[in-house]
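Try each task before you read its solution.

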Amino acid sequence: MNKNFLMDFPILNRHMNGQRMVYLDNSATTQKPESVVRAICGYYGGCNANPHRGVYELSVKATKIYEDTRVKVQKFINAKSPAEIIFTKNATESLNLVAYSYGLENVNAGDEILITISEHHSNLVTWQMVAKAKGATLNYIYLDDDGNLSEKDISAKLTRRTKILAVTQISNVLGLKNDIKTLAAKAHEVGAVIVADGAQSVPHIPVDVQDLDVDFLAFSAHKMLGPMGIGILYGREKILDEMKPFLSGGDMIEYVEEQNTTFAELPNKFEAGTQNVGGAAGFSAAIDYINSIGFDEIERIEKSLTDYAISELKKIPYVELYGCDSRRDNKIGIVTFNIKEVHPHDVATILDAEGVAIRAGHHCAQPLMKYLGQNSTCRASFYFYNTIDDVDRLIDAIKKVRGVMKLA
Amino acid sequence: MLEDIYTELIAEHSHATENRRQLPNATIKERGHNPSCGDDITLQLEISDGVIKDAAFTGQGCAISQASTDMMIELLRGKKIDDAKKLAELFIAMIKGDVTNDDELEQLDDAAALKNIANMPARVKCATLAWHTFNQCVMDN
């Protein structure tokens, strides 16, 4: 492991079941560097006050931390204006905000919503909800045999009837990057808006919302070194402006009378109640850390780990891989697999005993599991602080599984 | 630790096929499911005169859930419902770590081999799935 990373992430030095922990569940949540932990402690230890309310110095400080983070996020994804950056709890809440405030208002009976079979439940159940409530049809883009979205489905199903195209930029199971820019252009051609789930992409690749020309983008801080409990909805200003508020309460209003209220301008219109300023402080430090490494380096490290893991796993005859044979150069640090005749939960327990943390289950993507013909799978997911040694530990542990299960 | 869990006995029960079938004269069918990991079984019981005449299951899941289901069926077949309920209660108490006395756990036959799951919180629901499903079946009996 790069010495600097190990120094910056003390948790990666901890032991799990008697061995140095190998943390390979980064798609679920990443670890946090010291600078992020310190920023959160620093906020609560020295700057805590309710933002946007007080005129006293401390409240002004808290407001500055919160609003400076908004600008930092704006620059990070190259949004036009800070008004387009809405703080939420996480990507799931961001997608719900779009579903409730945009979806329920703009989708009508007979309309169609188009999503993909590889969506996380957060970008799937939300649209089921809208479709059911409005009598609309929910259609799916299925996959080609290499795991990529079927071009045939995109052409056939993205039509004038489509009001919303909701699609993940990177599948949290297959680790394949979708061409959001092309999809956005196609969606706009038929008059649909495009909602991109960036939970797995924004932490790993440069994302430029103006270049992609997306209408909405959702992501979470905790998958990119930041704390849990804070996330982002990017929305095109013109669209956000026309939307009704999602949650009502303090700080999202302009004037409140007994029977009527006018709402605050963007972005406050969508940020009801006291916000997660401590989370914003941590998120800001997380973005600084990512910027200090740079996406060139992040992508280089993750690609080398992914390529190595796949090539080693392919040497093991009883390992089945999913999404690892893309015909495009679009595989990102997620390796999903099964060991023949062993349930993923048993695999994860055996790997845990070897100090290797992976995810086993349906990864909040049950329709995709069904589509793949699996009930569940194992998933190893990398971040830049992982090393070739971590991959070797994973492979060594995998080779022990069938023996423990008396199958060897 | 792993050796205490993935024993020969559990491996045998997880692969056993005799109890994995449809029951032609089933009087109760109940599906049990762990949504977070995908363990999914359907337990079938043939009950008459307050006795479990036969039991079987279909479905799939991890080795622990499948072995536990198989062991439970072996244990409960031929038992009176009231006795079976007490055994299910004992099994769940064992997995919670509330009952640790081996003499007492002997009544569970092979299922007592799952005792060490009490030390693995992440796998408790795998071990208890079949037993909770059984409780659902006989709730009204």
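Before starting, one definition: two strands pair if DSSP finds at least two bridges between them. Keep in mind, too, that this is a predicted model.

**Exercise 1.** Find the order of the strands in the open sheet of 7 strands in chain A, and name its edge strands.

*Solution.* Start with the order, which reads E4-E10-E9-E8-E7-E5-E6 in chain A, with mixed pairing. Next, look for strands that pair on one side only: these are E4 (85–88) and E6 (137–141) of chain A.

**Exercise 2.** In which sense do E7(A) and E8(A) pair, parallel or antiparallel? Then find the bridge partner of Val167(A) in E8(A).

*Solution.* Strand E7 (residues 162–168) and strand E8 (residues 193–197) of chain A pair in the parallel sense, over 5 bridges. Within E8(A), Ala196(A) is the bridge partner of Val167(A).

**Exercise 3.** Describe the open sheet of 4 strands in chain A and the helices that lie across its strands.

*Solution.* The strand order is E13-E14-E17-E16 in chain A, and the pairing is antiparallel. E13 (319–322) and E16 of chain A each have a single partner strand, so one side of each has no neighbour in the sheet. From one strand to the next, the twist averages 30°. For a close look at one pair, take E16(A) and E17(A), which are joined over 3 bridges; Arg359(A) stands opposite Arg379(A) in E17(A). Then place the helices. H11(A) lies across E13, E14 and E17 of chain A, at about 15° to E14(A), while H12(A) lies across E14, E16 and E17 of chain A, at about 160° to E16(A).

**Exercise 4.** Work out how H11(A) and H14(A) are arranged relative to each other.

*Solution.* The axes of H11 (residues 295–314) and H14 (residues 388–404) of chain A come within 10 Å and cross at roughly 25°. Angles under 35 degrees count as roughly parallel, so H11(A) is roughly parallel to H14(A). Their crossing is right-handed. Residues making the contact include Leu305(A) and Tyr308(A) of H11(A), and Val391(A) and Leu394(A) of H14(A). By class, the contact residues divide into 7 nonpolar, no polar and 1 charged.

**Exercise 5.** How many residues does each chain give to the contact between chains A and B?

*Solution.* Chain A gives 14 residues and chain B gives 14 residues. On the side of chain A, the largest share, 5 residues, comes from H12(A).

Key. Residues are numbered from 1 along each chain as its sequence is written. Chains are lettered from A and ligands numbered from 1 in the order in which they are written. This is a predicted model: local features need pLDDT of at least 70, side-chain atom pairs count only at pLDDT 80 or more; totals for chains, interfaces and linings use all residues. Two residues are in contact if their C-beta atoms, placed from the backbone, lie within 7 Å. Helices (H or I, at least four residues) and strands (E, at least two) are DSSP runs, numbered from the N terminus. Axes are lines fitted to C-alpha atoms, for helices over the stretch in contact, and angles run from 0 to 180 degrees between N-to-C directions. Angles under 35 degrees count as roughly parallel, over 145 as roughly antiparallel, 65 to 115 as roughly perpendicular and the rest as oblique. A crossing is left-handed if the near helix is turned anticlockwise from the far one by less than a right angle, and right-handed if clockwise. Ala, Val, Leu, Ile, Met, Phe, Trp, Tyr, Cys and Pro count as nonpolar, Asp, Glu, Lys and Arg as charged, and the others, Gly among them, as polar.
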